[in-house]
Amino acid sequence: TTMLDIPKNGKQKCIDEAYRIGDKQNQKTNVKAIMSSWAIWEETSAYNGLLDIIITQISISLSPLYDSMYEYVLTNAWTAIYKEGHYTQPHTHWIAQTSFVYYVKADVGSSPLIFDKSDLHVAPCDGLLVVFPSYLEHSVPVHRGEDRICLAGNLGAVRKSNA
């Protein structure tokens, strides 16, 4: 986990866009909340700068694990707005290598990110980036309180074109 210092106006733009986009999945995924499409960058450019920051942060943090011949590439990303009673069923992102959740808006007491096969619960807060291997099963219990908004996604390591 790490905190990202995103300017308040940029964060507000992301919040506004999440509400504007609304629910594209009709709760047919593991996320039983208001969820955008899997390719948020096709719906709006509001998240592009934030996604670039996240990808750079992950690449810097995990670069020792991969040969310099590889780079991280975003495979999908989506927003989720958790209102009172929303939750996420236990699942993995088995097809990806690395997953992330960035909390755009999360008040004290927001539902945690739970890694189901361990004792790890991550309490969300504004600006927190959580990066984890995609094979880890995770979930979110029933949400209570103010809306909780996150940007989540998956990355894959691919061979650099000049390598």
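A polar contact is a pair of N or O atoms within 3.5 Å; within protein, one of the two must be able to donate a hydrogen and the other to accept it. The exercises below concern a predicted model.

**Exercise 1.** Determine with which side chain the side chain of serine 134 makes a polar contact, and decide whether serine 134 is buried or exposed.

*Solution.* 
Step 1. Locate the residue: serine 134 lies in the loop between strand E9 (128-133) and strand E10 (138-140).
Step 2. Find the partner: the side chain of serine 134 makes a polar contact with the side chain of serine 99, at 2.8 Å.
Step 3. Consider the surroundings. Neighbours within four places in sequence aside, serine 134 is in contact with Thr92, His93, Trp94, Ala96, Gln97, Thr98, Ser99 and Asn154.
Step 4. Apply the cut-off: a residue is buried under 20% relative accessible area. Serine 134 has a value of 0% and is therefore buried.

**Exercise 2.** State in which order the six strands of the open sheet are arranged, and which strands form its edges.

*Solution.* 
Step 1. The order is E1-E9-E6-E11-E4-E3, with antiparallel pairing.
Step 2. Strand E1 (2-3) and strand E3 (34-35) are the edges, since each pairs on one side only.
Step 3. Within the sheet, E6 and E11 run antiparallel and are joined by seven bridges. Lysine 105 stands opposite isoleucine 149 in E11.
Step 4. Helix H1 packs on the sheet and touches E4, E6 and E11; the direction of H1 makes about 100° with that of E6.

**Exercise 3.** Identify the element that gives the most residues to the largest nonpolar core.

*Solution.* 
Step 1. The core has 27 residues; those touching the most other members are Tyr47, Leu50, Leu51, Ile54, Phe100, Tyr102 and Leu151.
Step 2. Two or more residues come from each of helix H1 (8-21), helix H3 (48-62), strand E4 (70-82), strand E6 (98-105) and strand E11 (148-159).
Step 3. Of these, H3 gives the most, with six residues.
Step 4. As an example, leucine 50 is in contact with Ile6, Cys14, Tyr102 and Leu151, leaving aside its neighbours within four places in sequence.

**Exercise 4.** Classify the aromatic pair of tryptophan 38 and tryptophan 78, and decide for each residue whether it is buried or partly exposed.

*Solution.* 
Step 1. The ring centres are 5.2 Å apart and the planes make 75°, so the pair is edge-to-face, a class that requires over 60 degrees.
Step 2. Tryptophan 38 has 40% relative accessibility and is therefore partly exposed.
Step 3. Tryptophan 78, at 6%, is therefore buried.

Conventions. Residues are numbered from 1 along each chain as its sequence is written. This is a predicted model: local features need pLDDT of at least 70, side-chain atom pairs count only at pLDDT 80 or more; totals for chains, interfaces and linings use all residues. Side-chain values use heavy atoms; hydrogens and water are left out. A nonpolar core is a set of buried Ala, Val, Leu, Ile, Met, Phe, Trp, Tyr and Cys residues joined through side-chain atoms within 4.5 Å. Buried means under 20% relative accessible area, exposed over 50%, partly exposed in between (1.4 Å probe, protein chains only). Helices (H or I, at least four residues) and strands (E, at least two) are DSSP runs, numbered from the N terminus. Contact means heavy atoms within 4.5 Å. Two strands pair if DSSP finds at least two bridges between them. Axes are lines fitted to C-alpha atoms, for helices over the stretch in contact, and angles run from 0 to 180 degrees between N-to-C directions. Rings of Phe, Tyr and Trp (its six-membered ring) pair if their centres lie within 6.5 Å; planes under 30 degrees apart count as stacked, over 60 as edge-to-face and the rest as tilted.
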